[in-house]
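This report goes through the packing, the domain layout and the backbone geometry of the chain shown below. The sections can be read alongside the coordinates.

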Amino acid sequence: MFIENALRYDARVHVLDPDPHCPCAGIAQRFVQGSFADRDTVLDFIREADIVGIEIEHVSVEALEQARAMGKRVIPDPAVLRTIQDKGAQKLFYREHGIPTAPFTLVEDRAMLLASPPPLPAFLKSRTGGYDGRGVMPLRGPQDLQRAFDAPGVVEHQVDIALELAVLVVRDDAGNTLAYDPVEMVFDARYNLVDHLRAPARVEASTARGARQLAMRVAEAFAAPGLYAVELFLTKGGDLLVNETAPRAHNSGHHTIEACASSQFDQLLRLYLGLPLGDVGLRAHAAMVNLVGEGGRGEPVLKGLDDITHMPGAYVHLYGKRETRDGRKMGHVTLLAEDHRALDQGIAVTRVHGRVVPATNTTPTPTKT
Ligand SMILES: Nc1ncnc2c1ncn2[C@@H]1O[C@H](COP(=O)(O)OP(=O)(O)O)[C@@H](O)[C@H]1O
Ligand SMILES: [Mg+2]
């Protein structure tokens with residue numbers, strides 16, 4: 001999606017990814033297969049580049065620091081990435097900067113969790129390595145404490161969530177900051193990832209304003225140019241809490257490709273190139289429905305393509321991943337409409353008819369990988 005947009009500016013994009021068959025491999029100007037967590041691999045890869053960015057947090061920060069020392073433009077700031085890579089450090093950062101977030105404590109391991117158990121229900125989150133709900137464990141009762149993972153973690157009070165919101169913020173070198181309209185996210189409880197979202201979120205104007213302001217405060221606290229996807233909880237009491245921030249293009253901003261003049265990928269490109277920030281205004285009501293793999297692993301087939309493409313205002317994105325697995329994001333559908341009611345219909349059609357399944361349903365996804 002980034003490359004699609006970059007082509008409009010005649011920018012050349014090189015990609016490093018561990019998977020030789022990753023979707024970018026066939027469309028990047030140059031593709032290198034390798035681990036982005038390995039310092040030397042990254043340093044070797046970026047030698048030819050002027051500007052360095054990321055699409056996932058789990059990369060070698062050391063390599064990015066080095067890249068900066070070599071005079072390359074690096075976004076996000078490696079220091080910001082270091083904070084965000086560690087959910088514990090991230091929560092401490094919010095606390096230090098007076099940014100409201102769910103109450104938490106840090107634990108070193110399971111023994112420490114058992115020695116001073118938190119009030120339940122709570123959430124246990126791995127400090128490093130998790131995303132899309134992996135590494136996040138609800139602690140509903142005492143029995144869950146015994147099953148907790150044995151690694152450094154953040155223990156958070158369970159928030160009484162009315163709505164999960166996300167606000168995408170872009171901040172340039174001069175500190176100019178723009179925020180997109182808050183989106184409302186609905187999670188898929190099976191996989192703990194976004195099922196669908198809609199924009200603008202159905203909240204009071206004052207809540208929407210508060211969400212944008214809070215997200216901009218987060219970007220200001222990080223004090224570095226970048227694209228920040230700030231996930232928020234709106235509590236049943238009407239408070240806004242920051243859950244976590246991704247310093248990169250994010251699933252909660254995919255609708256901006258069609259719903260805004262300047263998408264999240266476009267803003268990122270503008271940032272990299274030092275161009276003025278783009279227009280973040282919503283041009284319609286928008287929804288984004290993730291197409292998530294189900295029915296095991298294998299070559300992906302999208303069922304219901306006819307039903308989806310039949311709808312006015314529907315845009316299909318298939319990522320071109322070679323293998324579908326249960327819970328793997330395989331694509332998404334963006335819907336533009338005049339109002340939320342029309343979006344409801346489009347979301348329902350996409351969820352009922354749009355299914356990504358393996359071509360030959362033989363091998364079920366193993367429960368442990
Ligand atoms: N303190 C909390 N209270 C209630 N729900 C939570 C809490 N923390 C996380 N969750 C739920 O779990 C989801 C995933 O947690 P998150 O910290 O965002 O991890 P990930 O890195 O996997 O996105 C959240 O979007 C939310 O639905
Ligand atoms: Mg999250």
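Predicted model: local features only at pLDDT ≥ 70, side-chain atom pairs only at ≥ 80, totals over all residues.

The surroundings of Val230 can be followed residue by residue. When its neighbours within four places in sequence are left aside, Val230 is in contact with Ala166, Val167 and Val169, with Ala215 and Val218, and with Val242 and Thr245.

What describes the packing of two helices? In general, two packed helices are described by the angle between their axes and by the distance between the axes. For α3 and α4, the axes come within 9 Å and cross at roughly 170 degrees; because an angle over 145 degrees counts as roughly antiparallel, α3 and α4 are roughly antiparallel to each other. On the side of α3 the contact is made by Val61, Leu64, Glu65 and Arg68, while on the side of α4 it is made by Pro78, Leu81, Arg82 and Gln85. Sorted by class, the contact of α3 with α4 has four nonpolar, one polar and three charged residues.

The chain is divided into domain 1, covering residues 2–74, and domain 2, covering residues 103–157. The centres of domain 1 and domain 2, taken over C-alpha atoms, are separated by 33 Å.

Glu4 is found in helix α1, which runs over residues 2–6. Is Glu4 buried or exposed? Glu4 is exposed, because 12 other C-beta atoms lie within 10 Å. From C-alpha to C-alpha, Glu4 and Arg171 are 22 Å apart in space, and they are 167 residues apart in sequence.

## Backbone geometry

Most residues other than glycine have a negative phi, and most peptide bonds are trans. Against that background, two cis peptide bonds can be pointed out: one joins Ile75 and Pro76, with omega about 5 degrees, and the other runs from Ala199 to Pro200, with omega near -5 degrees. Pro76 is found in the loop between β4 and α4, whereas Pro200 has its place in the loop between β12 (193–199) and α8.

Positive phi values occur at Asp10, with about 60 degrees although it is not a glycine, and at Ala223, with about 55 degrees although it is likewise not a glycine. Asp10 is placed in the loop between α1 and β1 (14–17), and Asp10 counts as exposed because it has 6 C-beta neighbours inside 10 Å. Ala223 lies in the loop between α8 and β13, and Ala223 is partly exposed, with 13 other C-beta atoms within 10 Å.

Technical notes:
Residues numbered from 1 in each chain as written. Chains lettered and ligands numbered in written order. Domains from an automatic or database assignment. Helix = DSSP H or I, 4+ residues; strand = E, 2+ residues; numbered from the N terminus. Buried ≥ 20, exposed ≤ 12 C-beta atoms within 10 Å, placed from the backbone. Contact = placed C-beta atoms within 7 Å. Axes fitted to C-alpha atoms, helices over the stretch in contact; angles between N-to-C directions. Parallel < 35°, antiparallel > 145°, perpendicular 65-115°, else oblique. Nonpolar A, V, L, I, M, F, W, Y, C, P; charged D, E, K, R; others polar.
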